[in-house]
Amino acid sequence: MEGDEIMSEQKKYSTIEEKQYLVRFNADTKSHLHVKDEDICLNHCPDKICTIFCPAEIYKWEDIRMHVGYEGCHECGSCRIGCPHQNIKWEYPKGGHGIVFRLG
Amino acid sequence: MPEKFDAIVVGAGPAGISCAYDLAKGGANVLLLERGEYPGSKNVMGGVLYRKMMEDIIPGFYKEAPVERPIVEQRFMMMDKESAVTFSYKGLEWAKEPYNNFTVLRGNFDQWYAAKAVEQGAILVNETVVLECIVENNKVVGVRTDRPDGDIYADVVVLADGVNSLLAQKLGFHKEYKPEEVALATMEILKLDKKVIEDRFNLEENQGCTIELFGDATKGILGTGFLYTNKDTLSIGVGTLLSGLIKHKIKPYELLEYVKNHPMIRPYIQGSEPQEYLAHLIPEGGYKSMGKIVGDGVIVIGDASQLVNAIHREGSNLAMTSGRLAAETVLFAKKMGDFSESTLNLYREKLMDCFVGQDMKKYQDSTHHFNKFPQYFDEYIPMVNKAASQMFTVDGASKWEKQKKIWNGLGSPKEKMKLARDVFRVWKVMK
């Protein structure tokens, strides 16, 4: 079963916005994630798979450019490893910033 | 702070804290650096902490540590869409000392554990990112942090910076991981009344249960789901190879919702309230993905060195043991006054000689195998479910007829050969 099919099945289930609302973030004022070459996303990456596998859905394609909502990043590293073009510069947020897990 | 430490440990997770604890206890002057607001604030784990490896460091820790429940039952569910074949072991020897394992919430546990290391004399500094190791004459001599005047020096640097280990990568110890070498896990902590948990999971007070989920929990993709009992919360999650999510174009949190709403799982969690949502990578490349773990003035431990036994969902215990062995090695090197790679290599030897290295070797082909042959998850698990259903449904057919039907259901002689070959293969990679 592919992604679309699951999505239609799951409309009644909790959304990523609801999930992200449960998490505490202490966002820095500047991003720790950078698209290295925007042209690659625009012209050489039809799948834009980062918009699918990012567990916080912080990558959003907006017409001609990738919007990176770094404030909601879980700092898992998937985008750095999963980007088929190694087009994401991935750093840790400044000390004490970023996601703050309270429980798990 | 002193100008130079005996050791700097980067990262306050199970590996780093264990190492810092034993180093401080052994009289070393140790700095433990953590990038989060507090130890645990960046750390994620399904939730099983193994007693033995923790007790090698702090005997009787469970008497005061914030553990959730000792596990008395481990269930394994092989799931199809509307059915599951489950097997389990429940043993009350696990309900009393010395215990086997516990569920923990890392936010609480890691803070407690780090405080114990501080009691031993380790200096803990939070909110500090290590940007790189300072290398002089091919030897690691300290770390560069993101604090003003942030260079700190030490005889040895222990990298416990987790699955992403950018530091070890910058040293050239390992290449960037591939999507088939890491699993992306998402999980939620669900609030549920203590008594309700005990009723639903058939538990007495202060007993816990873990359920591992295979097959339809990951929609047949290589990976597992899990459902663990804490005191008054449940941890539910699902992890699959990142390459699997990419291939099938599945959103990880939607897979988590799929598991939560699976008819075999929903009754366990009904009425619970989500408290937190977490995502993290698990290094699952195994032995073959392990890079260099020792250099001049540097040792790599825990997830940073890929120490995870994915088949037995063990990781934190391997991390703790690696931290302990690194500490032993550093204390020895300190006594010798020699922090060269050849002396520190003692760590690698100790690690490979004990259960950590042995188990890493034992399962070195497992991830690759199951990744290459997805039929175990997407064909054979449904097959087992169907066979169980046929055998246990009383419909007037004789048991001989049923057996024959199940046998024929395995397919043509060619398909049966393939099945036999796959059974042999799995024996070979797991033996």
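Here are some questions and answers about the two-chain structure above.

Reader: Before we start, where do the model and its numbering come from?
Author: Residues are numbered from 1 along each chain as its sequence is written, and chains are lettered from A and ligands numbered from 1 in the order in which they are written. Local features need pLDDT of at least 70, side-chain atom pairs count only at pLDDT 80 or more, and totals for chains, interfaces and linings use all residues, as this is a predicted model.

Reader: Which residues make up domain 2 of chain B?
Author: The bounds come from an automatic or database domain assignment. In chain B, domain 1 covers 4-66 + 105-175 + 289-362, domain 3 covers 367-430, and domain 2 covers 182-283.

Reader: How many residues of domain 2 of chain B are in contact with domain 1 of chain B?
Author: The centres of these two domains of chain B, taken over C-alpha atoms, are 28 Å apart. Two residues are in contact if their C-beta atoms, placed from the backbone, lie within 7 Å. On that basis, 12 residues of domain 1 of chain B meet domain 2 of chain B, whose share is 14 residues.

Reader: How does the side of chain A that touches chain B divide into nonpolar, polar and charged residues?
Author: In this contact, 36 residues of chain A meet 50 residues of chain B. Ala, Val, Leu, Ile, Met, Phe, Trp, Tyr, Cys and Pro count as nonpolar, Asp, Glu, Lys and Arg as charged, and the others, Gly among them, as polar. The chain A side therefore divides into 19 nonpolar, 12 polar and five charged residues.

Reader: Is Q86(A) buried or exposed?
Author: A residue is buried if 20 or more other C-beta atoms lie within 10 Å of its own, exposed if 12 or fewer, and partly exposed in between, with C-beta atoms placed from the backbone. Q86(A) lies in the loop between α5 and β5 (88-90) of chain A; helices (H or I, at least four residues) and strands (E, at least two) are DSSP runs, numbered from the N terminus. Because Q86(A) has 12 other C-beta atoms within 10 Å, Q86(A) is exposed.

Reader: What is the phi of N137(B)?
Author: Most residues other than glycine have a negative phi. N137(B) sits in the loop between β8 (130-136) and β9 (139-145) of chain B. This residue is not a glycine, yet its phi is positive, near 50 degrees.

Reader: Which residue does a cis peptide bond join to E97(B)?
Author: Most peptide bonds are trans. With omega about 5 degrees, the cis bond joins E97(B) to P98(B).

Reader: Which residues does K36(A) touch, not counting those up to four places away in sequence?
Author: K36(A) has its place in the loop between β2 (33-35) and α3 (38-44) of chain A. With 13 other C-beta atoms within 10 Å, K36(A) is partly exposed. Leaving out residues up to four places away in sequence, K36(A) touches N87(A), I88(A) and K89(A).

Reader: Is α9(B) roughly parallel or roughly antiparallel to α10(B)?
Author: Axes are lines fitted to C-alpha atoms, for helices over the stretch in contact, and angles run from 0 to 180 degrees between N-to-C directions. The axes of α9 (residues 316-336) and α10 (residues 341-353) of chain B come within 8 Å and cross at roughly 150 degrees. Angles under 35 degrees count as roughly parallel, over 145 as roughly antiparallel, 65 to 115 as roughly perpendicular and the rest as oblique. So α9(B) and α10(B) are roughly antiparallel.
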